Amino acid sequence: MATLASTQTLTFTRESARKTGNIPGNLAIWAAILAEMSEFAVMFVVYFLAKVHNPEIFATGPLKLNTLAGTINTLVMLTSSFFVIRAVIAMRAGNQVASARWLWGAVISGGIYLLVKYFEYRWNTAHAITVETDLFYAVYYYITFNHFLHVGWGSAAIIWVIYRINAGAYSSTEHEGLINIAVYWHMIDLAWITIFPLLYVIR
Amino acid sequence: MNQIQLVNRLWLILIALTLFSAFMAEQSEQGLGSISIMALVLAIKGRIIVDYFMELKHANRLLRTLMQIYFYVIPAMIIAAYLYPEQIARWATLK
């Protein structure tokens, strides 16, 4: 009886949420997003603590990093997020073909990001910047490699959603899977726009 | 302005803000003014993505607040770490 009541409540909540647009996607993806944002928050706390204890190396560290690579990747991440919202808008207008096309734009952006990061890491190694150089670069590698992994599996998830779109799984009114990956991808973007000033810009 | 025009414009604003940050990164001296501007740029970019790309502007208030807090706290930490590094280091030292 209790189970039935809670199922009805859940159904009611989900229906009303869809009607008013209260929660984009489903609650599970938001639990994941908030958990990931908390994980990144812990990393940022580590960054701030390491910075106030080691002001000298955190003042010189960003100067030796490749600002161009960091800037290109910021532009690429923001653009990928733009592609994703355009895919959502296209799907709502009932245009599945355009929606999938915008998502391919996001996947290509993710690929460019990973490639730029790979060359940035190689450039670092050539300039004697490794995880063991000093605490700034240890923090830099820990945070950026973690983010690198997120872009990797986020891109893979977008490819899955494109496959679902092509399989006709989504319509202009029913496309929760697309919204879920959309908000998750924006979270990956949010993490990067925070990482960029902390590691590349502010000294 | 429809939603497509709105997100197109916001994308251009985000690009412009990023190029501005990159320009700031190349400046030799960073003071309270430039640090505050960079913190503000982060706050604006975060707010745009949360409200218009994640579409939380008119969504569940708790979710929106939780996401927005991030882009108040981290810019504030950036300024605090610049102004009071020694005090924060003292508070965060185990004795």
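Residues are numbered from 1 along each chain as its sequence is written, while chains are lettered from A and ligands numbered from 1 in the order in which they are written. Chain A has seven helices and zero strands. Helices (H or I, at least four residues) and strands (E, at least two) are DSSP runs, numbered from the N terminus.

**Confidence**
- Chain A has a mean pLDDT of 91, and 90% of its residues reach 70 or more. The pLDDT is the predictor's confidence in each residue, from 0 to 100.
- Residues 1-19 of chain A have pLDDT below 50. Beyond near neighbours in sequence, this stretch has two contacts in the model.
- Where pLDDT is low, the predicted coordinates should not be read in detail.

**Overall build of chain A**
- Along the sequence, chain A reads α-α-α-α-α-α-α.
- Of the 203 residues in chain A, 43% are buried. A residue is buried if 20 or more other C-beta atoms lie within 10 Å of its own, exposed if 12 or fewer, and partly exposed in between, with C-beta atoms placed from the backbone.
- Take the contacts in chain A between residues at least 6 apart in sequence: 82% of them join residues at least 24 apart. Two residues are in contact if their C-beta atoms, placed from the backbone, lie within 7 Å.

**Helix 3 against helix 6 in chain A**
- Helix 3 (residues 55-64) of chain A packs with helix 6 (residues 135-166) of chain A at an angle of about 60°, with the axes 8 Å apart. Axes are lines fitted to C-alpha atoms, for helices over the stretch in contact, and angles run from 0 to 180 degrees between N-to-C directions.
- That angle makes helix 3 of chain A oblique to helix 6 of chain A. Angles under 35 degrees count as roughly parallel, over 145 as roughly antiparallel, 65 to 115 as roughly perpendicular and the rest as oblique.
- Helix 3 of chain A brings A:Ile57, A:Phe58 and A:Gly61 to the contact, and helix 6 of chain A brings A:Leu135, A:Phe136 and A:Tyr137.
- By class, these residues are five nonpolar, one polar and no charged. Ala, Val, Leu, Ile, Met, Phe, Trp, Tyr, Cys and Pro count as nonpolar, Asp, Glu, Lys and Arg as charged, and the others, Gly among them, as polar.

**Two residues of chain A**
- A:Val151 lies in helix 6 of chain A. A:Val151 counts as buried because it has 24 C-beta neighbours inside 10 Å.
- Leaving aside neighbours within four places in sequence, A:Val151 touches A:Gly110, A:Tyr113, A:Leu114 and A:Ile188.
- A:Ile72 sits in helix 4 of chain A. With 18 C-beta neighbours inside 10 Å, A:Ile72 counts as partly exposed.

**Where chain A meets chain B**
- The contact takes 35 residues from chain A and 36 residues from chain B.
- On the chain A side, helix 2 (27-53), helix 4 (67-92) and helix 7 (176-201) each supply at least two residues. Helix 4 of chain A gives the most, with 10 residues.
- The chain A side has 22 nonpolar, nine polar and four charged residues.

**Helix 3 of chain B**
- Buried residues of helix 3 of chain B include B:Leu63, B:Phe71 and B:Tyr82.
- Their cover includes helix 2 and helix 7 of chain A, together with helix 2 (32-53) and helix 4 (85-91) of chain B.

Notes. Predicted model: local features only at pLDDT ≥ 70, side-chain atom pairs only at ≥ 80, totals over all residues.
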